[in-house]
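Please read these comments with the model open beside you. They go from the whole chain down to single residues.

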Amino acid sequence: MEKVIQNIDVKTIREAFPILHQQVNGKPLIYFDNAATNQKPISVIQSINDYYSRDNANIHRGNHSLADRSTANFEETRSAIQQFIKAKEADEIIFTSGTTESINLVASTYGRATINKGDEIIISGMEHHSNIVPWQLLCEEKGAILKVIPVTEIGEIDFDQFRELLSTKTKIVSIVYASNSLGSINPIKAIIEEAHQFGAVVLIDGAQASAHLEIDVVSLDCDFFALSAHKMYGPTGVGILYGKRDLLEAMPPYKGGGEMIKEVSFIKTTYNDIPYKFEAGTPNIADVIAFKKAIEFINDIGKEAIAHHENELLVYATEKIKQIDRVKIIGEAKEKVSVLSFVIDGIHHFDIGQMMDAKGIAVRTGHHCTQPLMHQFGIEGTVRASFSIYNTKAEIDEMIVSLEKIITIL
Ligand code: PMP
């Protein structure tokens with residue numbers, strides 16, 4: 001494996017990404033906004049083009065060749081994801097519009113059906129808004145209580161405090177695998193084990209983890225797992241919810257409409273089997289099909305090799321940025337994905353972002369949809385540089401030069 005890891009050819013990989021070969025504000029684009037969404041290889045782009053130029057037809061209900069072809073391709077992505085996250089069955093994979101919808105689906109179906117007054121739901125202090133607000137809505141509706149695992153100064157969840165929060169009142173634990181603002185990787189296996197001892201179900205928000213970390217939902221024994229294709233070199237508007245069969249079968253439907261039914265009458269409607277019970281309406285067919293190409297892209301390089309390259313970039317950038325005066329890194333967990341968040345004393349993060357953009361460098365600035373976490377650190381937001389398989393140390397050098405200049409000007 002080590003040999004494969006050393007053989008990553010970033011130059012060739014970059015050639016597969018047309019978007020990278022452009023000038024922005026007169027400078028070669030340096031794309032460091034990968035935690036928001038990463039770029040798409042030509043195989044993904046071509047797949048969308050092929051679908052609309054050759055195969056376009058609505059799926060599942062057709063009895064003509066194009067419909068058969070589209071259905072087969074659509075279902076192939078389901079199988080590819082099943083293998084990717086090592087689920088037992090393809091039927092446990094539900095297509096959604098992304099992580100946000102997947103979490104909302106669980107909150108509004110499983111949550112509504114099982115949560116009662118006084119029950120407790122645990123999340124952590126580093127959650128994305130999409131793993132906070134659906135639970136707040138549910139708690140408001142049901143009179144349940146939302147508990148929050150504190151985050152330490154270096155950006156790790158406080159595991160002892162998590163243990164303290166758990167009780168027989170805990171019904172759901174919903175936690176992020178890797179933080180989009182800090183990069184911290186959470187010990188989700190241990191979290192799942194602890195939560196299960198109290199009979200709680202666990203949802204893992206895998207949005208930031210799925211392009212870099214091995215996922216094995218069976219060995220993790222998580223009850224639900226959510227991810228978004230667009231953070232995995234795939235299209236926007238597509239994601240999945242994994243759920244254990246028995247849970248999905250017991251859950252009421254999410255949206256009503258075509259495809260999710262067995263039989264409709266004005267007296268009584270019966271619902272389809274999983275996964276279709278949760279897939280009402282015409283889905284995002286072209287993008288689901290293209291998602292398979294993104295998975296193939298990751299598999300061809302290998303997650304271990306991707307993680308290795310990105311970690312090298314993270315370590316390199318962290319060391320370099322630490323040498324710059326007035327810079328403070330936000331989030332120094334021992335285990336991190338390639339997210340480098342920082343602030344510069346006396347300079348607003350928006351100004352830094354704008355000045356970097358003038359140099360063709362795309363970073364994200366702001367609260368990264370984690371406002372409670374920003375409040376904990378006593379800041380409004382950070383500058384976030386996040387690295388992907390196609391980034392290089394030379395690009396990081398450019399960012400460092402640019403930051404040094406910004407500091408001398410402002
Ligand atoms: N959770 C995390 C950790 C994220 O980073 C994001 C996207 N920034 C989401 C959830 C929401 O994902 P999406 O917008 O694709 O639904």
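1. The structure is a predicted model. Please keep this in mind for every value quoted below.

2. Secondary structure and overall size. The protein contains 15 helices and 17 strands. Its radius of gyration is 22 Å, close to the 22 Å that the globule rule gives for 410 residues, so the protein is as compact as a globular protein of that length. Along the principal axes, the C-alpha atoms fill a box of roughly 75 × 55 × 40 Å.

3. Inside and surface. How much of the protein is buried? Buried residues account for 54% of the 410 residues. The accessible surface is about 17700 Å², and carbon and sulfur atoms contribute 50% of that surface.

4. Contacts along the chain. Take the contacts between residues at least 6 apart in sequence: 71% of these join residues at least 24 apart.

5. Charges. There are 40 positive and 54 negative side chains in the protein. The centres of these two sets lie 2 Å apart.

6. Helix α5. This helix covers residues 99-114, which makes 16 residues. From first C-alpha to last it reaches 21 Å, close to the 22 Å expected at 1.5 Å a residue. Which residues of α5 are buried? They are T99, E101, S102, I103, L105, V106, A107, T109, Y110 and G111. When reading that list, recall that an α-helix has 3.6 residues a turn, so residues three or four places apart point the same way.

7. L314. This leucine sits in helix α12, residues 303-322. Is L314 buried or exposed? Its relative accessibility is 6%, and because buried means under 20%, L314 counts as buried. Setting aside residues up to four places away in sequence, L314 touches K336, V337, S338, V339, L340 and F387. A385 is 71 residues from L314 in sequence, yet their C-alpha atoms are 9.3 Å apart in space.

8. L220. The position of L220 is in helix α9, which spans residues 217-220. With a relative accessibility of 9%, L220 also counts as buried. Which residues does L220 contact, apart from its neighbours within four places in sequence? They are I188, K189 and I192. A190 lies 30 residues from L220 along the chain, and 8.9 Å separates the two C-alpha atoms.

9. A cis peptide bond. I274 and P275 are joined by a cis peptide bond, with omega at about 5°. P275 belongs to the loop between β12 (270-271) and α11 (285-301). Please inspect this bond in the viewer.

10. Positive phi at H60. H60 is not a glycine, but its phi is positive, at about 70°. The residue lies in the loop between α3 (42-55) and α4 (65-85). H60 has a relative accessible area of 27%, so it is partly exposed.

11. Positive phi at K86. Where is K86 found? It is in the loop between α4 and β4, the latter being residues 93-96. K86 is not a glycine either, and it has a positive phi of about 60°. Its relative accessible area is 38%, which means that K86 is partly exposed.

How values were computed
Residues numbered from 1 in each chain as written. Predicted model: local features only at pLDDT ≥ 70, side-chain atom pairs only at ≥ 80, totals over all residues. Heavy atoms only, no water. Helix = DSSP H or I, 4+ residues; strand = E, 2+ residues; numbered from the N terminus. Rg over C-alpha atoms; globule rule 2.2 N^0.38 Å. Buried < 20%, exposed > 50% of the residue type's maximum accessible area, 1.4 Å probe, protein only. Contact = heavy atoms within 4.5 Å. Areas by Shrake-Rupley, 256 points an atom, 1.4 Å probe, with all protein chains shown as cover. Lys, Arg positive; Asp, Glu negative; His and termini not counted. Charge placed at Lys NZ, Arg CZ, Asp CG, Glu CD. Expected span 1.5 Å × (residues − 1).
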